[in-house]
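Please look through the sequence and the model shown below before reading on. The report then takes up contacts between side chains, pockets and a few single residues in turn.

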Amino acid sequence: MAFNRKATAVWNGTAREGSGKISSTSGVLNNTPYSFAARFVSEDGKLGTNPEELIASAHAACFTMALSAQLNGAGFTATELNTEATVTLEKVDGANRITNIHLETAGKVPDITDDKFQELAGIAKKGCPVSNALASVPISMNAKLL
């Protein structure tokens with residue numbers, strides 16, 4: 001069975017001075033602003049979102065769900081999993097490129113060893129659908145058992 005998820009983006013004006021709005025079917029994104037400044041100047045999020053932040057959000061969510069599934073399949077239930085994804089955007093040969101994605105995850109998982117947690121986190125990183133979609137970019141990870 002295939003699942004389709006949708007979002008829309010509207011842009012007005014030039015790339016540098018213009019602005020846009022992003023919306024999603026769920027309404028989580030509802031005319032959320034994005035702009036050149038939100039993407040390349042301000043990192044505090046006050047000017048709106050940007051594509052890299054959205055990729056980071058999707059990757060953090062997908063990986064964390066995949067890790068939970070791996071843990072469950074191995075007979076463990078996390079009391080908490082927390083993941084931060086960092087997407088790095090850099091100028092390479094005169095063009096903006098996503099050059100790295102780093103996953104920083106921590107988990108509270110009763111009765112698991114650190115070795116087993118590391119193993120399952122690695123499997124989740126490789127198996128997460130968003131990781132697979134982003135496979136052209138190096139993805140690093142640090143997993144910590146709390």
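## A first contact

Which kind of contact do the side chains of R39 and E52 make? In this predicted model, the two side chains meet in a salt bridge, with a distance of 2.6 Å from N to O. Because R39 belongs to helix α1 and E52 to helix α2, the pair ties together parts of the chain that are 13 residues apart in sequence. The two partners can also be described by their accessibility: R39 is partly exposed, with a relative accessible area of 35%, whereas E52 counts as buried at 7% relative accessibility.

## Overall layout

The chain has four helices and six strands, and from the N terminus on these elements follow one another in the order β-β-β-α-α-β-β-α-α-β. Along its principal axes, the C-alpha trace of the chain spans about 55 × 35 × 30 Å. The chain has 146 residues, of which 32% count as buried.

## The second salt bridge

The structure holds two salt bridges. Besides the pair of R39 and E52, E119 forms a salt bridge with K116, and here the closest N and O atoms are 3.5 Å apart. Both E119 and K116 lie in helix α3, which covers residues 114-127, and they are three residues apart, about one turn of the helix. E119 counts as partly exposed at 41% relative accessibility, and K116 likewise counts as partly exposed, at 28%.

## Aromatic pairs and cysteines

A search of the whole structure finds two aromatic pairs. In the pair of F36 and F40, the ring centres are 4.8 Å apart and the ring planes stand at 45 degrees, so this pair is tilted. F36 and F40 both lie in helix α1, four residues apart, which is about one turn of the helix. F36 counts as partly exposed at 21% relative accessibility, while F40 is partly exposed with a relative accessible area of 34%.

The structure holds zero disulfides. Among its cysteines, C62 counts as buried at 15% relative accessibility, and C128 counts as buried at 0%.

## The largest pocket

How much space lies in the largest pocket? The value is about 430 Å³. This pocket is lined by 22 residues, of which R39, E43, N50, E52 and V87 are the closest to its centre.

Helix α1 (36-40), helix α2 (51-73) and strand β4 (80-92) each supply at least two residues of the lining, and β4 gives the most, with seven residues. Sorted by class, the lining of the largest pocket has seven nonpolar, seven polar and eight charged residues.

## The second largest pocket

The second largest pocket holds about 310 Å³ of space. Its lining is made up of P51, L54, I55, S57, A58, A61, C62, M65 and V130, and helix α2 gives the most to it, with eight residues. By class, eight of the lining residues are nonpolar, one is polar and none is charged. The lining of the largest pocket, by contrast, has eight charged residues. C62, which is part of this second lining, is the cysteine that counts as buried at 15% relative accessibility.

## Two residues with positive phi

Where does D93 lie in the chain? D93 is placed in the loop between β4 and β5, the latter covering residues 95-108. Its phi is near 50 degrees, a positive value in a residue other than glycine. D93 is exposed, with a relative accessible area of 80%.

D111 also has a positive phi, of about 65 degrees, although it is not a glycine. The place of D111 is in the loop between β5 and α3, and D111 is exposed, with a relative accessible area of 77%.

Notes
Residues numbered from 1 in each chain as written. Predicted model: local features only at pLDDT ≥ 70, side-chain atom pairs only at ≥ 80, totals over all residues. Heavy atoms only, no water. 1 Å grid on protein atoms, 1.4 Å probe; cavity = no way out; pocket = protein on both sides within 12 Å on 5 of 7 lines; lining within 4 Å. Points joined across faces, edges and corners; volume = space filled by probe spheres on them. Nonpolar A, V, L, I, M, F, W, Y, C, P; charged D, E, K, R; others polar. Salt bridge = Lys/Arg side-chain N within 4 Å of Asp/Glu carboxyl O. Buried < 20%, exposed > 50% of the residue type's maximum accessible area, 1.4 Å probe, protein only. Phe/Tyr/Trp six-rings, centres within 6.5 Å; stacked < 30°, edge-to-face > 60°. Disulfide = S-S within 2.5 Å.
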